[in-house]
Amino acid sequence: MKKSGSAVWSGGLKDGKGFISSESGALDNIAYGFNTRFEDGPGSNPEELIGAAHAACFTMALSGKLGEAGLKATALKTTAQVSLDKVDGEYAITAIHLTLVATIPGATDEVFQDAALRAKLGCPVSKLLVANITLDATLE
């Protein structure tokens, strides 16, 4: 399976502008630029897209791990906070912190934490990223 995204850009780093799209059309010429990445301008940026992709991948992986344990969540809510920092004068994604709040009837915290950890380690996006990925998982 192969999926694709695309970006176009015109202009310089600070005064330029770009647009991102996805093969499915879910993203269709969404604006991005210096102001959306380093300021509070309208549009998207690579870090929030990585965060959304990681949150989605992890949450789906967790659903699968819970299914292996005979459990089904009524709600899994994940946020992925992506840290963009300067390292040796260059920007780098240095960490991603996953925050999960879950409602899973019949789950014990031990089974839940084990499934969450295995999902964090096994999610294909987690495997792709080499940043320090941490997790706080709360079972309601």
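Which helix holds both F34 and F38, and how many residues apart are they? F34 and F38 lie four residues apart in helix 1 (residues 34-38), about one turn of the helix. The views below come from a predicted model, in which local features need pLDDT of at least 70, side-chain atom pairs count only at pLDDT 80 or more, and totals for chains, interfaces and linings use all residues. Residues are numbered from 1 along each chain as its sequence is written, and side-chain values use heavy atoms, with hydrogens and water left out.

View 1. The strands follow the order 1-2-3 with antiparallel pairing. Strands (E, at least two residues) and helices (H or I, at least four) are DSSP runs numbered from the N terminus, and two strands pair if DSSP finds at least two bridges between them. Strand 1 (5-10) and strand 3 (30-32) are at the edges with a single partner strand each, so one side of each has no neighbour in the sheet. On average, neighbouring strands of this sheet are turned by 25 degrees against each other, direction ignored; the axes are lines fitted to C-alpha atoms, for helices over the stretch in contact, and angles run from 0 to 180 degrees between N-to-C directions.

View 2. Six bridges join strand 1 to strand 2 (residues 17-22) in the antiparallel sense. S6 has S21 in strand 2 as its bridge partner, and A7 stands opposite I20 in strand 2. Six residues lie between the two strands of the hairpin, and G11 in the turn has a positive phi of about 100 degrees.

**View 3. The ring pair W9 and Y32.** The structure holds three aromatic pairs. Rings of Phe, Tyr and Trp (its six-membered ring) pair if their centres lie within 6.5 Å; planes under 30 degrees apart count as stacked, over 60 as edge-to-face and the rest as tilted. W9 and Y32 have ring centres 5.3 Å apart and planes at 55 degrees, so this pair is tilted. Because W9 lies in strand 1 and Y32 in strand 3, the pair ties together parts 23 residues apart in sequence. Y32 is buried at 19% relative accessible area, whereas W9 is partly exposed at 36% (buried means under 20% relative accessible area, exposed over 50%, partly exposed in between, with a 1.4 Å probe and protein chains only).

View 4. F34 is buried at 18% relative accessibility, and F38 is partly exposed at 34%. Together with Y91, F34 and F38 form one aromatic cluster.

**View 5. The surroundings of T36.** T36 is in helix 1 and is buried, with a relative accessible area of 6%. Its side chain reaches the backbone oxygen of S44 at 2.5 Å. Leaving aside neighbours within four places in sequence, T36 is in contact (heavy atoms within 4.5 Å) with G41, P42, G43, S44 and N45.

**View 6. The largest nonpolar core.** This core has 23 residues, and F58, L62, L100 and I104 have the most contacts inside it. A nonpolar core is a set of buried Ala, Val, Leu, Ile, Met, Phe, Trp, Tyr and Cys residues joined through side-chain atoms within 4.5 Å. Helix 2 (46-68), strand 4 (75-87), strand 5 (90-103), helix 3 (109-122) and strand 6 (132-139) each supply at least two residues. Helix 2 gives the most, with six residues.

Note on methods. Polar contact = N/O pair within 3.5 Å; in protein donor to acceptor, adjacent residues only side chain to side chain.
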